[in-house]
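Please read them alongside the coordinates.

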Amino acid sequence: SGEYWVYVEVNEGSYGGRCGKDGLDSVDNLIANTRNNPIEELEMRLPMRCNRYELRNEDATPGKWRGGVGIVRTWEFLEGGLFTGEGDRHTDPPKGILGGKDGLTGSLTLNPGTDKEKSLPAKLTNYKIKAGDILEIKTPSAAGYGDPFERDPNKVLEDVRDEYTSKENAKKQYGVIITEDYTVDITATDEYRRLVKSTN
């Protein structure tokens, strides 16, 4: 219609692991009581198309209690416009504690995976977007709490089944040996964990 329009979104982040519990995936932080708008509603009202909206591909951050996973969202702009971002600390990942690993920073990327790919700063005002441009938004994945080698092997198995981590990383990051039929080899896990700890 050519009418002036504004779209404001608070993208979901994540919370770090804490004593006794894993971190939360894809949750609003700091600003509560914000609506997670349905993609279909937005696409009906605005000249934008959401091509992707899901948890980040990277493994959840290791810890005795793992960190939460942030989201990735890509917007295709059907018309030109201006973009303002109010993120922060895209160069400073969330810090793990008591042996938990550091999380992943957020990022803004214009036209990812193309010859026009460009990394954008966390904060910018009225950045010119062209029709056909795609903006990828990644929110941080939070840090882990506690030594990953102390994580309950059955929780690691659940993470593998839920695709929060891979079988290979279950061994590498947690010291948990998972069999071909997706069960935990407790004896091999205990031996491997003792071996790794004795050499560190």
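1. The charged end of Lys-171 sits over the ring of Tyr-192, 5.1 Å from the ring centre. Arg-66 likewise lies over the face of Tyr-164, at 3.9 Å from the centre of that ring. The criterion is NZ of Lys or CZ of Arg within 6 Å of the ring centre and within 35 degrees of the ring normal.

2. On provenance: this is a predicted model, in which local features need pLDDT of at least 70 and side-chain atom pairs count only at pLDDT 80 or more, while totals for chains, interfaces and linings use all residues. Residues are numbered from 1 along each chain as its sequence is written, and side-chain values use heavy atoms, with hydrogens and water left out.

3. The structure holds two aromatic pairs (ring centres of Phe, Tyr or Trp, the latter by its six-membered ring, within 6.5 Å; planes under 30 degrees apart are stacked, over 60 edge-to-face, the rest tilted). Tyr-7 and Trp-75 are edge-to-face, at 5.5 Å centre to centre and 70° between the planes. This pair links Tyr-7, in the segment before helix H1 (39-45), to Trp-75 in strand E2, 68 residues apart. Helices (H or I, at least four residues) and strands (E, at least two) are DSSP runs, numbered from the N terminus. Trp-75 counts as buried because its relative accessibility is 3% (buried is under 20% relative accessible area, exposed over 50%, partly exposed in between; 1.4 Å probe, protein chains only).

4. The rings of Trp-65 and Tyr-145 have centres 5.7 Å apart and planes at 55°, so this pair is tilted. Trp-65 is buried, with a relative accessible area of 15%.

5. The largest nonpolar core has 14 residues, and Trp-75, Phe-77 and Leu-135 are among those with the most contacts inside it (a core is a set of buried Ala, Val, Leu, Ile, Met, Phe, Trp, Tyr and Cys residues joined through side-chain atoms within 4.5 Å). Elements giving two or more residues to this core include strand E1 (48-55) and strand E7 (134-138). A second, separate core of eight residues includes Val-156, Leu-157, Ala-170 and Val-184.

6. In helix H2 (residues 153-161), the buried residues are Pro-153, Val-156, Leu-157, Asp-159 and Val-160. They lie on the same side of H2, because they cover an arc of only 155° around the axis (taken from the directions from the helix axis to the C-beta atoms).
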